[in-house]
Every structure is written in C-alpha cells, then in structure tokens.
Amino acid sequence: MIPAHQTNISSSKETSIATAAIATPKAESFGQRAVALVPGLLLLGAVGYAGKFIELSINAYAKAHHTPFPDIEFVLWAIVIGLIIANTVGIPRIFAPGVATYEFWLKAGIVLLGSRFLLGDVLHLGGISLLLVAIALSLSLTFMHLLGRAFKLKPKLTSLLAIGSAICGVSAIIAAKPSIDADDEDASYAIAAILALGAISLFTFPLIGHALHLSDKAYGLWAGLAVDNTAEATAAGALYSDAAGKVAVLAKTSRNALIGFIVLAYAIYWSSRGQAQVITNKAQFLWKKFPKFVLGFLLISLLATVGFFSKPQLASLANLSRWAFLLTFAGVGLRTNLRELGRQGWRPFAVGAIGEAFIALLTLGLVYGADHYLKL
Amino acid sequence: MLNTQPAPSRPGPSLDLYAVALALLAALLVRFNLIPPIKW
C-alpha cells in the first residue's frame, strides 16, 4: 500500500487556477494514511466493477434476445460513471486519497502486463516505438515552440506544454517543473491542458481508428504515441480492443522511458540561459527521472519469456493486470472535472489542442509508414 | 481537472517503486501458487 503523500493529489491550495477538485486530508502515521485510502479505493472498485457489470449485462441481454449490439468495453462505462459522479455530486474529501491511487494501480498493472509480452516482441515493437517517438519528438517540440511564440505564451509554460504533449503528459511535466525552475502556475496550466486534451482523446481516438479501419497493432501504436498521459493512453487503447490496449501500453512505456533525456535537455537549455540550476551529475539526474516501472515491466516480460510462469499462471497475471487497470480507468473518470475546463486560460489550452492535433496527425502518418515498411 | 497541482517532491521511495514491488510480489505469489488463480 502506498502512503498518501506519494499520491499526486496535493493538499496545497496555493493558486486558484486549476485547483484540484478534491484534496488530500493530512494523515500522520502510516496506519492512518492506510486507513485514509480505504474509502477511495472502495469507490474506485465500485465504479470499475459497475463498468464491468454493465458490459456483461448488455452482452448477456444482446445474446439472449439475439439483438445486435456493439460490444462496449467496461473501460468506457467505468470512465463515464466516474465522470458523471465527479461532475454532478462531486467527490467528497474522504474519498480523495484512495481515488488518487489510480496512478499507482496503473503502474502496477503495466508491470504485470509485461507477462503478456515475449521480450523479443517488446524489443521489436518497443524499438519501432522509440524510432517513431524520436522522429515525432523533434518535429513536435519544434512545432510546440513555434505555437507558443505565436500565442505569446511564457517560454517556460511553452516548454512544459511541449514536454507534456511530446513525451508523457503529467509525469513529464512534474519531472520537468523543478528542473527548469518553472512556476507552480505554469505547471498547473500545462497539467490542466494536458489532462483536458487526454479526456477528449479518449472519445475521439477510437472513433478515428474505426473510421480508418486501423489494425489493432497500428491503432495501439498510434494511441501509445499520440495520447499524452499514460492512463488515458492505456484507456484509449483498451477502448479499441484488448490487443490494441496491450500495444498502446508498450508504445507508451517506450515513450515514458525517454522522460529523463528530454527533461535533462530542457534543464541544460534553461541553465545555460541562467534560468535554472546547473545539473552536475547527469547520470544521477537521468536515473532519478527514469520511470522505474519500465524496468519492472521488462523484468516480468523477461521472466515470462524464459518460462518462469506456467500458462495458467500467465493467465492469472494478465487478469491481475486487468483488475489493476479497472481501478485506473475508474480513477480517470473520477478525477476529471469538466467545470475546470472553463476556468483555464484559453491560450495554453489552444496551444495544447493545436499541438495535440498536429502530433496525432504526425504519429498517424508515422504509424502508417511503419506498418507498411517495418511490418508491425 | 483534478490533480493539476504539481506534486511536491518528498524524500523516500517513489510511487513507481511501490508499484513495481507490489506487482513483483503478486507475480511471485502466483508463481508459487500461494494465491488461487485470478479470474476476470
């Protein structure tokens, strides 16, 4: 169990902009912190399971009555239920610490998902992802900076938006903020824009994917490369199909592995201009920023590849990963407050939205190319 | 949006390490049949 202070909902309420909808009550001892997680965890479980129950019920009804009805994954139901709760009755404070653990379950789920990949597949698809990320990164970072200049955003806000949209959403912004000495307000703006755009992509990406008749692999790769936040990328993939969800997680994990390098590059840039601290130990900096769950994912994949687990055990691990994602998807809906969208400044959101559309198109083109030339 | 405040950096293991530790523990429990098969 994780301590409440490790969750991402801050108790601080310093700025009125993009204020968190719910806040973490201060807990003192480990026992109190653990107890404080229980209500929110139960809420995550209830919302996620309600999504699963609706999916099963609709499928059973359609089968019994021979009614053709599209199989809508529990992912969508869990997110929608979460959205309805968060944007109508709201989330009482008592649920906040537990709901904030959705990111913890996401990472645990990704590590367990490693069991569904042979290491060779990880290296093949992960290598292609890294190649596409490198191409998309250089183009999208340049584009975001041009956009930021055109919309007269503060340079550091533009840097945060560029890092968030090109690499990996909220984690990258949080990792970059202290490294480039950005303001809290800038980070709040950038995170709000990235989360809002992530929520929009959940509903648009599967529609576009189906309209273009993308294969599971191509769609999963696209979602993993274009959707910013890991939770939303995982959900966007899973909304398309189980196989697409797997590939989306792999592509997104490859992207996450680059956080440290990009943040380091920005830190060096801003320190060279005298506006951030100088990095003395670059290796230590990279290790500190490296998302450790990527190593866990690779380790489980390696163990699965060498036959450490039997087939039934692999099935159990895959199911455990699904349960962890069920809690995550419930959290995605519960932490999304649509009212906050209207309170954001329009310019950071516009830069983020235009940048996202550019990155989505760019990565779609790259995925098409990779599918054709590199055989996904 | 919830969670738009940057999280304060605090000492101690990161969220990632807790998640990896829990996942590895679960994998070992499954491997050595210490928990029943997990169904979906």
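Leaving aside neighbours within four places in sequence, which residues is Ile79(A) in contact with? In this predicted model, the partners are Leu202(A), Ala235(A), Phe329(A), Val332(A) and Gly333(A). Ile79(A) itself lies in helix H2 of chain A, which spans residues 74-87. Ile79(A) has 28 C-beta neighbours inside 10 Å; the threshold for burial is 20 or more, so Ile79(A) counts as buried. Leu125(A) is 46 residues from Ile79(A) along the chain. The C-alpha atoms of these two residues are separated by 28 Å.

One contact partner of Ile79(A), Ala235(A), belongs to helix H9 of chain A and is buried there. Helix H9(A) covers residues 230-240. Of its 11 residues, 11 are buried, so the helix is largely enclosed by the rest of the structure. The buried set includes the charged residue Glu232(A). Among the others are Thr230(A), Thr234(A), Gly237(A), Leu239(A) and Tyr240(A).

A helix pair in chain A was also examined. The axes of H11 (residues 259-272) and H12 (residues 282-289) come within 8 Å and cross at roughly 130°. That angle makes H11(A) oblique to H12(A). The crossing is right-handed. On the H11(A) side, the contact is made by Ile259(A), Gly260(A), Phe261(A), Val263(A) and Leu264(A). H12(A) contributes Lys282(A), Phe285(A), Leu286(A) and Lys289(A). By class, this contact has six nonpolar, one polar and two charged residues.

Chain B has 40 residues, and 45% of them are buried. Its secondary structure comes to one helix and zero strands.

Notes
Residues are numbered from 1 along each chain as its sequence is written. Chains are lettered from A and ligands numbered from 1 in the order in which they are written. This is a predicted model: local features need pLDDT of at least 70, side-chain atom pairs count only at pLDDT 80 or more; totals for chains, interfaces and linings use all residues. Helices (H or I, at least four residues) and strands (E, at least two) are DSSP runs, numbered from the N terminus. A residue is buried if 20 or more other C-beta atoms lie within 10 Å of its own, exposed if 12 or fewer, and partly exposed in between; C-beta atoms are placed from the backbone. Two residues are in contact if their C-beta atoms, placed from the backbone, lie within 7 Å. Axes are lines fitted to C-alpha atoms, for helices over the stretch in contact, and angles run from 0 to 180 degrees between N-to-C directions. Angles under 35 degrees count as roughly parallel, over 145 as roughly antiparallel, 65 to 115 as roughly perpendicular and the rest as oblique. A crossing is left-handed if the near helix is turned anticlockwise from the far one by less than a right angle, and right-handed if clockwise.
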